[in-house]
Structures are given as C-alpha cells and as structure tokens.
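Subject: the structure, and what turned up in it

Hi,

Here is the structure I promised to send over. Have a look at it first, and then read on for my notes.

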Amino acid sequence: MGPRVKRTKKQPISISSSAIRPSPTVSHKLTQAKIATFHTLLKKRATLRRQLDSSSSATASEAVSSSLRDVELEIAELGGLDGYQKASTLGQAKERGGDSSKVLVDWIKTMGYGKGDISLLEIGALRPNNYSSHKWIHNTPIDLHSQHPDILEQDFFERPLPASEYEAFDIVSCSLVLNFVDEPLRRGEMLYAMRSQLKQRDSSLLFLVLPLPCLRNSRYLTIPAFVQLMKVVGFDLVQERYKPNGKQPLRRRKYSWAVIVSFGCLAIALSWVAFSIYQEDVRVSGSWGCEMSWMSPSYAPLQWPQRPMRQRYGLYRYLEQGIDTDSPPRGHPVIFVPGNAGSYQQVRSIASAASRQHQHQGGPTAVHSKSNHIDFYTVDFNEEFSAFHAQTLREQSKFLQLSIERVLAEYGHLPEHSKPTQVTFVSHSMGGIATLLALDSKWASMVDAVVTLSTPHMMPPVTIEYDMDAIYTTISRYSQLGIHPPIVSICGGISDTQIVSESCVLSNTPGSEERRLTAFTSAIPMVWTGVDHQAMVWCHQVRWTVASLLLDWANANGVDRIDFARERLVGPRAAPLSLPDGNILTFPISSATSPTMTLLRRRTDALSLQECDERGNCVPVEFRSDLLPLPRNTSAPFPSPGEGVNLDDAILSSDLNITVSKGTLEVRSVQGAKKDWVVFGRHVYRSVRGGSWEREENDENVTHYTLRFTSPLSNSLLTYDLEASIGQCEGQYPIIKHTSISVPSLQDTALEARFYPITSIPSVLRLHSHVPLGPFLSSEHVRGVEIEVFQSPTCPIQKIRMSPWHMGVLGKIVTRYRMVAMAWPVGWASAVVLRQVASFHGTGTIPSYDQALTDVAVDWLPKSLVGIVLMGFLQTALSSYGRSHTLILGNTDLAFIPLLFFFWVWSFGVTCLVWCCVLVTVSLYRKLLATLPLRWISSTERNRIKPSEGPEEPHRRPSTGRSNATVLGVIALIAIASFFVPHEVVHVAAFMILWTISANEDCASPTAPSLSAALPGILVILAVLLPFKAPHLLVWGRNLYSHRERPVYFMENLWYAGPPIAVVALFLRGAVYRRRTSRLLLCKVSLIWLSFSVALAGGRWTWIIPPLANLFICTLVGLLW
C-alpha cells in the first residue's frame, strides 16, 4: 500500500469577502511590537515636524529634515498605514481575544439598552461585521484607509456634522484612533468632533479605547486626570475597563458597598453570637459562690534607709486590729504582692484569716498553736499596669528583691538562732510573674515557698511586647536550672474571665514534680467552686485555705512544703489506723464483695476501720478519704452565689481494700455514727467507648463508679453536655465528680476537678477542662473524660450520656483569642493597601479604598481562605515539630479547623467595620465643618484654582529649597519627639492628623486623585494598630497622673515615631505615590511580609506586628518622597 494522503475539505470558489478571516500566523509578541514601534515612530515624526516648523537656521533644518526622512523610511518599511492596520486586524483575531466590540455590547446590555434600535458610528473600523450578530445595532463603519469595501473610507476630521438629530448617532465608537493622532491640539479637536456627532441626549455614549501606556506611562497625564479632561469636553465616566497584564481586566464593581456592609454586618453578627454563648457559658459553667470576708485592717509603713526606685513603691506591715499588736515582729515573714492595677490593701483578707486562725477564732478547723504566728507584709506598686508593660514588671521585680532584705532586717532584735532567714511570697495575678522574675540564683535561697493566685504562668495575657516574652523565657530558665523554691499555683478555673486558667497551670520540668503543684479551687476541699480573678484575694473559702496552708508551712520544720500543700489542697487524706473506743457500725463481707470498696459517710469526723474474719480476728484497714460536697438544700444551685460551704454540706468518701473473703467490716467513730448516713458498697471501674453508659444488671450494691470515656477529645476549647438519668430513688441523690485528664507533661503536678451534686431528674451538666491545655500552649493531644459517681445503692444512676456542645467553642474563643482579634485585622488592612499599591504599579492609578476592599473580598478572600486552611492541615501534620503549636490559631487537632473559617471571615469583616467607622466619623466631621466659617481647600481644588500657572505635572519634583526645608523640619520634629514624647502619642497624633486630611478630601470618589485614594489605606492601618498602642498609653497616662514620669527610650522612640511623622509631613504637602519600580517592589514586599506574618504568627507572637507595620511605613515614606 502506498502512503496515505491527507484529505482536506474543499472550499467553494465563490465566497464573500466579509467571510474572509485573516489567520494569525504572526506571533502575538511580534504583532504588539510592530504596533508599538509604529506608534513610537508616529510620535517621533510629529515631534520632528514641530521642530522643523520652529527651526530658524538652515543647518538645523537640514538635520531635522534628515531625521524626518529616516523616520518616514522606517514607517514605510513597516508597511505604512496598511501594515499597521493588518497588524491591528491580527490583534483582533478571535484566537487572541477578539475585538473590543463585544465589551461595548455587554456594557450596552448591562446599562439597559438593546430594547430598541441604536445607531452607532465606528471610527477606525477594521471589519464591517463586528456588530452583524446584533440586528438592533445599526453600525456605520468608517476608516482613513479602508480594508474592506463595506467600510467607508473617510477622514473623520472631514466628516460633515449631522444636520439634524436624525443624522446624529446614539453611540460613537473610537477604538485605538485617538492615540494615532500625532498633534495634541488635533486630539482635542477630535474629542469635540465626536461629541458633535452624538445626539444631544444624556443617554448618548462615547466608547473610547486607548493603549494603556498612553495614560500609564505619560509624564503629563494619568487616568484620573484624563477623566477630568473628558468632563471638560462634556463626557462623564460611566464604565471603564483596563488590562494591567494584558489579560485579566480590572472592573469597577458597582456593588462594592453592598460587599463591605455585608461583611461588616456579618462580623457584628458573629461577635454577638460568640459573646452571647460566652455569657451563657459563664452563667452555667462559670457560676461561683464565695462567702464574703470581714476584717479590721491597719497598715504600718516600713521606713527605708535609702528610698529605692525613686519613691515609686512602698512596703507596709499588716496588723489586724484587736488581734495583732504593734510590737516588733517575731513570726514567720510573708510578703504579699498585688497584681496588675492591684492594691497593697488586698492582703487584708488572707492576713486577717491567718491572724484569726492563730488566735483560735476561726471555728473547729483552726487548730494551730501560737508557735505558728505569721507576720504579713504587703507591697505597694501604686496600682501600676504591669500586665501591659514589661519594663514596669522588671522594675517591680527589682523592688521585690530589695523588699526581701528590708523585711528580714525587721528581725534584727531577735537572737541569731531565732531570726528568720527566709520569707514566703503570696502573689496575685501578674504579681506572681514579678516574684518569680525576682528570684534568681542570689535571691531564691532567701525564699522558702511561693503561693500564686490566678497567675498566668504558661503565657502572658497580653503579648504585644517582645520583652514580656523575654521575661517568661527568663523565668523558664530559672525553673529548668532548679533555682526557684517550691511553688503552689491556685487557679480559679472557668470563673476567671481575665486569665484563662490553662495558662495558670505550672509547667512541668524534669525533677519539678516535687517542687510544683497546681490546684484548681473547684477541687479544693471545702472550697468547691470556681473563683473570679479579683475575688481570688477576698473569697472566704480560698483565703481561709491559703491562711491554713501558710500556718502549716510556718511550723513545717523542714518537712516538704509541697506535701503539705498536696494534703490540704488536693487530698485524698490518709486516715489513722486506730482511734479511741467510740460508736461502732458493722457491715457484712461476703465472697461477692469487691476487693475495692467505698464508704460514704455524712459526718466528717475522724474514724477507723477494721476487717474481721469469721473467727473474730480483726486487723486495721488502710484507707484514704476525701471530702465531697452534698448540699442539704437540693433546690438551691451549687455553688450557691454569695455563700460558702460548711461541714454540714459535706460527706466523707473512703476507699479501702478488703482482704478477707467473709466476715465483717467495723466502722469505729468518735461521734455517734449510728445517727449518721453511712453507706458501704462496691467501687466499680468501667471503660466506656462512645458517649453513652448504662448500668449493668450485676451492678448491685455499688456506691462508687469510675467511668473513663475514652473517645472524647480533651481541650480547654471543648465543652461537653452530660445527661444523667436516675432510676427509682429512695435515698440521697448522687454526686458526680468530673476529673480533668491532664497532658502527660503535667501528670502529678496539676489537678482539676469539679463536683456536680445531682438535684433534679434527669440532670444535664456541663463539663469543662483546663489542664488538657489549650491554644498556643502545647501540641500534646489527650483523649478521654473521667467521671466518678458517688451514690447510695437505693438511688442509683441508670444511664449517663455525654455529647459535645459544639457552639460552646465560640464561647471559649472570647477569652482565648484576644490577640488574634487584635492581630488579624492588621493583616487584612495591609492586604487592601497591597491591592492599591499593586494596581498603581501596574496601571499608574490607585483604586479607591472601597473598591480595593471589595476586590480583596471577591478575588483574594476565597483564595486566601483555602490557603489558611491548607496551612492549618500542615500545622496538624507537623504538630510534633518545634513550636508549630504556637502558629496560626495554636491548635494542632483537625477538630478545630473550622475556627480558621470563623476568624478569617470575621477579621475581614472587622476591617470593613473600621473603614465604615472612618467614613461615618468623616461624614460627621464634614457636617460640623460646614457650620463653621472656615473651609479646607482640598488638594484637588488647590490644583484647580491656579490656572494661570499652567497645567501642573503630577510627578514634578518640588524645588530644592522647599524640599531641603521640609527635610530639616521633619528631622527636627522627629528628634524632639524621640527625646520627649512617647511614640504611642506620636502614633495617635499622626492618626488624627491624617484623619483630618482625609475628612477634607473626597476619599470615596471613584475617580479620586492619588492623595485621596492612597490616604484611607494608611489611615485604616494606623487605626487597626491603635489597640497595640493603647496599653502603653494607659501606662504612660497612669504614671503622669501619679506624678511619676515614664522614661522615654530614645532608640525605640526614634524607630516608631520617625516614620509616622515623615508620612504626615509628606501628606500635608500633598505628596502622592510615585511610580518607581524598586520602591514599589520594596513596599509590596513589606506588605506581603506583614500580611503573611500576621496570619502565621500574629495570634501568639503578636509583638512582631508593630515593627513589621513600621517597616511598611518606612517603605511608604520612600514611595512618597
């Protein structure tokens, strides 16, 4: 067989010329290059012709003529006008996107045309059939050098004007023709001629197509200036479209305000939902009941030989009136340290409790002798805001070191062997951090123990300073080196809404198990309630327990203090093996009895147990006991608000191991045991898969269940609803104890438990934990929930069902993601400015802020949402590496990926709200300004009222003298501010000045000048940075109010104050963005870096945001200069 011949379809011999389509065989780049070269030669030819007309000498005329001939020759080599039109025809081929007629048709339909016939004049037509598919458009195509018989060959300048309205056109289309006219005057004439060809109606349209470089690269013209020029001719901009990169158009979105308002309303709605759930969670789970404490305080100031710390701080000795005397101290010294904005008088509650217990005035639990006396001292920090300022925290720690020496010096009158050599610290909130920072290798040996109350040990509550993280790093290093004395941390749990209690947990370092203990107030016997942050220092149950612990320590005589603390704060308690004869209760022991038994007893007096076999041989039984709450008033909530717990509301639970198979158990008590409620039964362990457990048929005579639900994830962000069903009940209602399962690194150092006395059938309880840790604290994962049930066999629990409360996560984020709420809007504000800068880099014009904000919402928000979710998955996969758990939202479990959606959309909505607030305040300011006789002249008007000076060049540089004066003025102002004014004040002042400028410029105009379009973006960034400056302003203002100056640090001030001052000075001079490629790239890189850093690390390492934002402001100065 021969080779196969390719067959092609034969074309008919006769075919209309209108159907011929030129094949784009020439590459797109060559076509563009030919068109661009032709335009350059035309421009050069026009310039040479003007020079030839104005030339006075023959020699110069000859040289210009020679150059003009060369240009004419080059134009001829390109094919002249015919070659240019063929290249343009190839550019309009369908394979390359087609001609611009389809854009005009789309716009006509969008604007409501197309219902009737439309007459159109197409100037510079290359094809006669551009509108042939639209029968309602009657096109009249003309061209200077017609390429088709159906196109009228006509010079537009010689076209007669329409004699009547009938001869005029509804639309004039001028595509790439105006730029072909080489004389500027002739271009203006052509614009007026096109206006004359239109019907004298508001609905008449001019469709004008120009090469983008004619406006973008011109030294004398920009897109906003061209729009203003067209207004002079008689045209208003209705639609625009341009292609920065040649393909993707930048469209003006008419629905921009709908998008902005929608996201703003969505942010408000999400905030309201989260806060409502938070309030519900605090009301149900965070309810707390503290009994008020009473005291009779007095304070005696200690005199200093040399007043330290410039008299900023003070030291007092506490005396309880009626109990303590003003005699020289002889007891064990305890120093109380207040927290953020705390008063030295907060010592009164604990000190009064210790004095009363020492004097045996505290009831049956106060069994301490006079040898346990404690001398309380308290530090006056003048209620400084130490949580917001690291330098204040460092100064406080230095004063605490001096206070140790000063307190020990009070005992100089005692014999040497009686002088105390160590002090004990009781510190509240951030006072605990100041205390631990003070205890370095020199001072730690002078402290025997530290008790902290609601102190954030794991992470600072406010992370806007690098130095604050450096303080925590220093404390961690002291702990790893074993420098610190024994530390006990008492946490308030979910009731503490200021300090999340997972950060109150003490970190566990190797060997620290015997030197550290964390106890939650909900698990402390006879406290059994969460405690508010401020109430921690006055809650009667807490202060009484802490005072008892301090009295125990004062008489410890070398016994380990953590063991004492564990016995008093955690339990269970070891019971004595023998007691004097008393009342006896006997319970039978059979072969069916479980080896592990639990005895529940209403009275909490001491007792002894012994097991006896059938022969009467009895041996003591070792057991450990724990107190449980069992309120007598089952109709009242537990804990009851404003009330404490007394011994009548408690029972004793004793776990014991039975060794005999048959016999009796004797319960011997000092008090009348026969009159009390005593229950003896089995202790049963169950491992539960899933979320439901039911009582088994053989579970008889059970008084204690330990149920371990293995499936649920444990995290401080999670809340579970537990529903307990009770069968036929003839006795006391059961008690449920929820014990939190801590991460492996905190085992044996932290205990969190909460008791739920059942008071209704069925009963729905809400379970919450802290010791599994939460966001940004650990990458460890813990699964499981442990439930203990204490019951009478006559009132058993039949079923327990546990389910997650998904909406509860939104309530937890309110207190755990405050820094994310501050940080992420900064990222979005910088992304909007990045959109503006990128548009200016590509097109030479700056879109208005609302347009850029809408473009970010439509174009970037969905893509970035996919990106942040992918980063969340990557974080989960790399959770065991380094500090990956401190990035993004600080969660390394897939269950929390939906939070990324919530915060990503919410933070963008907050940015929209900030912009709306700026516009509302600007509007109100303008209305106020309208009532005043003074009037601001905007930058647009300043350019408009100087016609005699000729057209001002937008990119013209100011005169050298004026520029030098500006530079010197800015330098002088920066120097003064750096020495005397905190940079936070400079930031607020810069924001207010730029807001005033913005209020007097037309910032919302779609064709705003560069100043008005660029200014809102900078203003919004400064606005979202205000929360970072507010805490330091609070510290500075507080110090001024207290007649103490806060030192101004020159280098820090120079870095943060200089760029805002320079930006304000440039904007006051009417500076605009300048198209300098290197500076624009640097500005874009700084914005990308800022946005990415905010999303990646802004939630935990929030202090990186101000320096990165300041770096962008520095690049902005370079862009405006």
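This is a predicted model: local features need pLDDT of at least 70, side-chain atom pairs count only at pLDDT 80 or more; totals for chains, interfaces and linings use all residues.

Helices and strands here are DSSP runs, numbered from the N terminus: a helix is H or I over at least four residues, a strand is E over at least two. With that in hand, K109 sits in helix α4 (residues 101–110).

Residues are numbered from 1 along each chain as its sequence is written, and side-chain values use heavy atoms, with hydrogens and water left out.

The big picture

The chain has 26 helices and 33 strands. Of its 1121 residues, 54% count as buried (buried means under 20% relative accessible area, exposed means over 50%, and partly exposed is in between, with a 1.4 Å probe and protein chains only). The chain exposes about 51,200 Å², and carbon and sulfur atoms supply 56% of that; the areas come from the Shrake-Rupley method with a 1.4 Å probe, and for residues only the protein chains shown count as cover. Among contacts (heavy atoms within 4.5 Å) between residues at least 6 apart in sequence, 78% join residues at least 24 apart.

Setting aside neighbours within four places in sequence, K109 is in contact with H134 and W136.

K199 is in the loop between α5 (184–196) and β5 (205–209). K199 is buried, with a relative accessible area of 12%. Not counting residues up to four places away in sequence, K199 touches S119, E165, A168, F169, D170 and S204.

Salt bridges

Side chains of opposite charge can pair when their charged atoms come close. The cut-off used is a side-chain nitrogen of Lys or Arg within 4 Å of a carboxyl oxygen of Asp or Glu. How many salt bridges does the structure hold? There are 25 of them, and here are a few you can look up.

- R356 and E320 meet through their side chains at 3.1 Å, N to O. R356 lies in helix α9 (residues 348–358) and E320 in strand β9 (residues 314–320), so the pair ties together parts that are 36 residues apart in sequence. R356 is partly exposed at 22% relative accessible area, whereas E320 is buried at 0%.
- E696 and R686 form a salt bridge at 3.2 Å, N to O. E696 is in the loop between β25 (692–694) and β26 (702–714) and R686 is in strand β24 (residues 678–688), so this pair links parts that are 10 residues apart in sequence. E696 counts as partly exposed, at 37% relative accessibility.
- K737 pairs with E788, with the closest N and O atoms 4.0 Å apart. K737 lies in strand β28 and E788 in strand β32 (residues 782–790), so the pair ties together parts 51 residues apart in sequence. K737 counts as buried at 13% relative accessibility, and E788 is buried at 12%.

Salt bridges that share partners also join R312, E384 and E395 into one network.

An enclosed helix

Is helix α15 (residues 808–816) enclosed or open? Eight of its nine residues are buried, so α15 is largely enclosed by the rest of the structure. The buried ones are G808, V809, L810, G811, K812, I813, T815 and R816.

A surface patch

V866, L870, F873 and L894 form a nonpolar patch on the surface, with about 390 Å² of accessible area together. A patch is made of residues with over 30% relative accessible area and no salt bridge; like charges are joined within 9 Å, and nonpolar side chains (Val, Leu, Ile, Met, Phe, Trp, Tyr) within 5 Å. V866 belongs to helix α17 (residues 849–877).

Most residues other than glycine have a negative phi, and most peptide bonds are trans. N382 has a positive phi, near 55°, and lies in the loop between β11 (374–380) and α10 (390–409). W528 also has a positive phi, near 50°. W528 is found in the loop between β15 (516–520) and α13 (540–554), and is buried, with a relative accessible area of 3%.

Cheers
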